Amino acid sequence: MCNELEQAARESIITMEDQDIFDEMVAILGTYARNKESLEKATMETNIISDLKVNSARIVDVIIKCEDKFGVRIEDEDTGRIGRIGDAVSLIKALQAAAEC
């Protein structure tokens, strides 16, 4: 674990901006979203399953692509926390920050 000083330093440095992560998430989801119109208007609040109509079985594919793209490992218990695109962005940022410690 990082000590408090290291953690404070890490919080002031962003490895990838929210918008960059969001844009990459939209690109990844584009392969699996059945509702392309909602994808084009997607925000951080867009629900991946109900708004974009991503088949719940395809969420595993989305997770794998995210792991590859962002260089993180998303644990099984974390997948349940991803409902909206913003949830994925927050989780990826947190995992990237933890990896730097």
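**Entry 1: the model.** I am working with a predicted model, so I read what follows with that in mind.

**Entry 2: H2 and H4.** I looked up helix H2, residues 18-30, against helix H4, residues 59-70. Their axes lie 10 Å apart, and the packing angle is about 140°. That makes the pair oblique, since the roughly antiparallel class takes angles over 145 degrees. I noted the crossing of H2 and H4 as right-handed.

**Entry 3: who touches whom in H2 and H4.** From H2, I listed Ile21, Glu24, Met25, Ile28 and Leu29. On the H4 side they meet Val62, Lys65, Cys66, Lys69 and Phe70. Sorting the residues of this contact, I get seven nonpolar, three charged and no polar.

**Entry 4: H2 and H6.** Next I turned to helix H6, residues 85-100.

**Entry 5: who touches whom in H2 and H6.** Here H2 brings Asp18, Ile21, Phe22, Met25, Val26 and Leu29. Their partners in H6 are Ile85, Ala88, Val89, Ile92, Lys93 and Gln96. I sorted this contact into nine nonpolar residues, two charged and one polar.

**Entry 6: a cross-check.** I went back over both lists for H2. Ile21, Met25 and Leu29 meet H4, and Ile21, Met25 and Leu29 also meet H6.

Key. Residues are numbered from 1 along each chain as its sequence is written. This is a predicted model: local features need pLDDT of at least 70, side-chain atom pairs count only at pLDDT 80 or more; totals for chains, interfaces and linings use all residues. Side-chain values use heavy atoms; hydrogens and water are left out. Axes are lines fitted to C-alpha atoms, for helices over the stretch in contact, and angles run from 0 to 180 degrees between N-to-C directions. Helices (H or I, at least four residues) and strands (E, at least two) are DSSP runs, numbered from the N terminus. Angles under 35 degrees count as roughly parallel, over 145 as roughly antiparallel, 65 to 115 as roughly perpendicular and the rest as oblique. A crossing is left-handed if the near helix is turned anticlockwise from the far one by less than a right angle, and right-handed if clockwise. Contact means heavy atoms within 4.5 Å. Ala, Val, Leu, Ile, Met, Phe, Trp, Tyr, Cys and Pro count as nonpolar, Asp, Glu, Lys and Arg as charged, and the others, Gly among them, as polar.
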